[in-house]
Amino acid sequence: DVTEIEEKEAQAKEEEQIMKEQELSNLLHEKRYLKALGLAISLDRPHTVLMVIKAILKEPDGRKHLQENIVRLRKDQKEAVLAFLVTWNTNSRNCHEAQAVMETLLKHEAPDTLLQFSGIKSAVESLLPYT
């Protein structure tokens, strides 16, 4: 019977999730946006990533800070943000943040690099009607 082992594993995962949520909250409070973005992306939380981006844009020189943070993300994190912004762009409340992130990616990534992103073709197809 492995029920007890499975329950302990599930409880450990839940505790780890709660710890990450608390860490994310602390990072946002401390305005450590790069780490907050990375953690929200790793938790696969598009809405939380959007909230971090909105918080960055509210800062003085928000666009500049957004560019600095997006540029410093790893390739896989940029791919995740690209996938998230496709959805954000379809909503008029979030389209400005999506456009700001997209502008940063287009300005700071070489076209050849962008073509290497997984899902770039479908993302562009989805972005065109709303952009």
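Student: Which backbone oxygen lies 2.8 Å from a polar atom of the N69 side chain?
Tutor: The backbone oxygen of H65. This is a predicted model, where local features need pLDDT of at least 70, side-chain atom pairs count only at pLDDT 80 or more, and totals for chains, interfaces and linings use all residues. Residues are numbered from 1 along each chain as its sequence is written, and side-chain values use heavy atoms, with hydrogens and water left out.

Student: Is N69 buried or exposed?
Tutor: N69 has 10% relative accessibility, so it counts as buried (under 20% relative accessible area, with a 1.4 Å probe and protein chains only).

Student: What is N69 in contact with, leaving aside neighbours within four places in sequence?
Tutor: Y33, L34, L37 and I56, where contact means heavy atoms within 4.5 Å.

Student: Switching topic. At what angle do α1 and α2 pack?
Tutor: Helix α1 (residues 3-29) and helix α2 (residues 33-42) pack at about 150 degrees, and their axes are 8 Å apart. Axes are lines fitted to C-alpha atoms over the stretch in contact, and angles run from 0 to 180 degrees between N-to-C directions. The helices are DSSP runs of H or I, at least four residues, numbered from the N terminus. The pair is therefore roughly antiparallel, a term for angles over 145 degrees.

Student: Which residues make that contact?
Tutor: K20, E23, L24, L27 and L28 from α1, and Y33, K35, A36, L39 and A40 from α2.

Student: How far apart are the C-alpha atoms of E23 and E9?
Tutor: They are separated by 21 Å, with E23 and E9 14 residues apart along the chain.

How values were computed
Helix = DSSP H or I, 4+ residues; strand = E, 2+ residues; numbered from the N terminus. Parallel < 35°, antiparallel > 145°, perpendicular 65-115°, else oblique. Buried < 20%, exposed > 50% of the residue type's maximum accessible area, 1.4 Å probe, protein only. Polar contact = N/O pair within 3.5 Å; in protein donor to acceptor, adjacent residues only side chain to side chain.
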